[in-house]
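Please walk me through this structure in plain terms. I would like an explanation that takes one topic at a time.

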Amino acid sequence: MPRDVPSEPRSWLLERRCTLTQRQLALVFVTLCLPSGLVALAFLWQGYWYVLVYAVLEQAALAACLSYCARHRGDYDRIDISPAAIMVEQRRGSKRSERRLHPPATRLLPPRGDSDPIHLEDRGERIEVGRFLSSAQRRKLADELTACLHRHGY
């Protein structure tokens, strides 16, 4: 007996946009810290030691920001929809999670405003997806997910 519901799976891979490699991030750090450090050392030689303290604080803040960028450059959301299950795989830093949602019980909560995220909700569990997308891309993703869920009969 033929089925009315298409059985082909559908996938989305939503990645964080990051154009700098690890090596380029290190080069940015050195390029920004070297002049600051040289100026601080020149003032230290003149007896103004507190300039060195501010330069070290500035470089530590920059190192923390670039470290955060490096740690999260591989973040992603992967959504796989098939008739049997909805799989949502997410990576945030070094943490990776995989959740399996039951298709008939899953609801899509589209973004209400420009900065609102998309949520998939299954039996009280709510998963945010599409964090890395612009508002127009989030709306498009919500439309595609809605169409796919309706096409599968959910």
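Cys65 counts as partly exposed because its relative accessibility is 49%, between the limits of 20% and 50%. This and the other values come from a predicted model. Cys69 is also placed in the partly exposed class, with a relative accessible area of 38%. A disulfide is a covalent bond between the sulfur atoms of two cysteines. The structure holds zero disulfides. Cys65 takes part in none, and the nearest cysteine sulfur, that of Cys69, lies 7.1 Å away. For Cys69 the closest cysteine sulfur is in Cys18, at 6.7 Å, which is too far for a bond because a disulfide needs the two sulfur atoms within 2.5 Å.

The next topic is the aromatic rings. A pair of aromatic rings is described by the distance of the centres and the angle of the planes. The count here comes to three aromatic pairs. In one of them, the ring centres of Phe43 and Tyr48 are 6.2 Å apart and the planes meet at 65 degrees, so this pair is edge-to-face. Another joins Tyr48 and Tyr50: the centres are 6.1 Å apart and the planes stand at 75 degrees, so this pair is edge-to-face. Through ring pairs, Phe43, Tyr48, Trp49 and Tyr50 are linked into a cluster. Tyr48 is partly exposed with a relative accessible area of 40%, and Tyr50 counts as partly exposed at 40% relative accessibility.

Now to the strands. Strand β2, residues 76–81, pairs with strand β3, residues 86–92, in the antiparallel sense over six bridges. Within this pairing, Asp77 has Gln90 of β3 as its bridge partner. The two strands β2 and β3 form a hairpin, with four residues between them. β3 also pairs with strand β4, residues 95–101, again in the antiparallel sense. Seven bridges connect β3 and β4, and Val88 stands opposite Arg99 in β4. The hairpin of β3 and β4 has two residues between its strands, and in this hairpin Gly93 takes a positive phi near 65 degrees.

Three strands form an open sheet in the order β5-β6-β7, with antiparallel pairing. β5 (106–109) and β7 are at the edges; each has a single partner strand, so one side of each is left without a neighbour in the sheet. On average, neighbouring strands of this sheet are turned by 25 degrees against each other, direction ignored. β5 and β6 are joined over four bridges, and Thr106 has Asp122 in β6 as its bridge partner. Helix α3 packs on the sheet, where it touches β5 and β6, and its direction makes about 155 degrees with that of β5.

Which residues have the most contacts inside the largest nonpolar core? They are Trp12, Ile79 and Ile81, in a core of 18 residues. At least two residues of this core come from each of β1 (10–15), β2, β3, β6 (118–122), β7 (125–129) and α3 (135–151). With five residues, α3 gives the most to this core. Leaving aside neighbours within four places in sequence, Trp12 is in contact with several residues, among them Ile79, Ile81, Leu141, Leu145 and Cys148. Asp77, Arg78 and Glu144 are also in contact with Trp12.

Terms used. Residues are numbered from 1 along each chain as its sequence is written. This is a predicted model: local features need pLDDT of at least 70, side-chain atom pairs count only at pLDDT 80 or more; totals for chains, interfaces and linings use all residues. Side-chain values use heavy atoms; hydrogens and water are left out. Two strands pair if DSSP finds at least two bridges between them. Rings of Phe, Tyr and Trp (its six-membered ring) pair if their centres lie within 6.5 Å; planes under 30 degrees apart count as stacked, over 60 as edge-to-face and the rest as tilted. Buried means under 20% relative accessible area, exposed over 50%, partly exposed in between (1.4 Å probe, protein chains only). A nonpolar core is a set of buried Ala, Val, Leu, Ile, Met, Phe, Trp, Tyr and Cys residues joined through side-chain atoms within 4.5 Å. Contact means heavy atoms within 4.5 Å. Axes are lines fitted to C-alpha atoms, for helices over the stretch in contact, and angles run from 0 to 180 degrees between N-to-C directions.
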